Amino acid sequence: MAKENASLPGRAREAADNDVTVLRAAREIFAEQGWNAPVSAIAARAGVGVGSIYRRYRGKEELAQSLRVWAIDHLATLARECVSTAKTDEAVLKTFFSRYLTESVGPLIPVLGGRLPEHAEVTRAAEELEAALQSMVDVCVDAREVPPGFTAADVMLMTVHLRPTLPIEGDRATEIHTRYLDFMLDGLRGGTPQPSITPPSWSEWLQMWQGARPGEHPNGTSG
């Protein structure tokens, strides 16, 4: 947390750190309990009062939108770091997914996808993420780490398959997820797979994020 906001002055840094604490707690609680998790559970996990969350966010939907932006921005930063710090013999995609599995609680699409209306900040963040991931994918294709035709949207949907919620905790869950990451990456490097379907487009992935139409409530009703 301190690293993310280290450049901010005193009180602004403290407020930003508190916000990250709430967002991390929200991500954990949503992953564990789903969309219907109460804000009180998020507050308890973050170690703050419920009133503190409602002073910052007008409701759970606004909190969830901020969580989406924060999570997308984090992935974009991770992709850029993996490209900029990679050594010539380093597998960039493996570094990306290994860090994702270690640093992330779990994918948000199964919990939040399709429940929230379009949001300008989410769209902005998604555009930046697409650019960051495409740069990473280009490096991976050139290094023959992945086959041609592998896309930025493939990366995002692989995060969903690689990080399901398991009824175990801590390091063992990460070990199991990493085991299947190794199998997956070996398969990508091992030849030229010919998938039988069209690869997912970025707009298709974005639609999973922003499936609820403007004016439609997260539960799918209108009004």
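Of the 223 residues in the chain, 41% are buried. The model is predicted. The chain holds ten helices and zero strands. Read from the N terminus, the order of elements is α-α-α-α-α-α-α-α-α-α. Among contacts with a separation of 6 or more, 70% come from residues 24 or more positions apart.

Two helix pairs that share α7 are described next. Two packed helices are described by the angle between their axes and the distance between the axes. Helix α4 spans residues 60–84, and helix α7 spans residues 120–142. Their packing angle is about 20 degrees. The axes lie 9 Å apart. Angles under 35 degrees count as roughly parallel, so α4 and α7 are roughly parallel to each other. Their crossing is left-handed.

The α4 side of this contact consists of Q65, R68, V69, I72, D73, L75, A76, A79, R80 and V83. On the α7 side stand E121, V122, R124, A125, A126, E128, L129, A132, L133, M136 and V139. By class, the contact of α4 with α7 has 14 nonpolar residues, one polar residue and six charged residues.

Helix α5 covers residues 92–103 and also packs on α7. Here the angle is about 135 degrees, with the axes 9 Å apart. Angles from 65 to 115 degrees count as roughly perpendicular, and those over 145 as roughly antiparallel. From α5, the residues in contact are V92, L93 and F96. From α7, they are L133, M136, V139 and C140. By class, the contact of α5 with α7 has seven nonpolar residues, no polar residues and no charged residues. L133, M136 and V139 of α7 take part in the contact with α5. These three residues of α7 also meet α4.

The cysteines were examined next. The count of disulfides comes to zero. C82 is in no disulfide. Its nearest cysteine sulfur belongs to C140, at 9.0 Å. A disulfide requires two cysteine sulfur atoms within 2.5 Å. C82 has a relative accessibility of 1% and therefore counts as buried. C140 is likewise in no disulfide, and the nearest cysteine sulfur to its own is that of C82, 9.0 Å away. C140 also counts as buried, because its relative accessibility is 1%.

Two further residues were considered individually. A71 is placed in helix α4. Its relative accessibility is 5%, so A71 counts as buried. A71 and L23 are 48 residues apart in sequence. In space, C-alpha to C-alpha, A71 and L23 are 8.9 Å apart.

T174 is found in helix α9, which runs over residues 170–189. Its relative accessible area is 19%. Buried means under 20% relative accessible area, so T174 is buried. Leaving aside neighbours within four places in sequence, T174 is in contact with L101, T102 and R163.

Note on methods: Residues are numbered from 1 along each chain as its sequence is written. This is a predicted model: local features need pLDDT of at least 70, side-chain atom pairs count only at pLDDT 80 or more; totals for chains, interfaces and linings use all residues. Side-chain values use heavy atoms; hydrogens and water are left out. Axes are lines fitted to C-alpha atoms, for helices over the stretch in contact, and angles run from 0 to 180 degrees between N-to-C directions. Helices (H or I, at least four residues) and strands (E, at least two) are DSSP runs, numbered from the N terminus. A crossing is left-handed if the near helix is turned anticlockwise from the far one by less than a right angle, and right-handed if clockwise. Contact means heavy atoms within 4.5 Å. Ala, Val, Leu, Ile, Met, Phe, Trp, Tyr, Cys and Pro count as nonpolar, Asp, Glu, Lys and Arg as charged, and the others, Gly among them, as polar. Buried means under 20% relative accessible area, exposed over 50%, partly exposed in between (1.4 Å probe, protein chains only).
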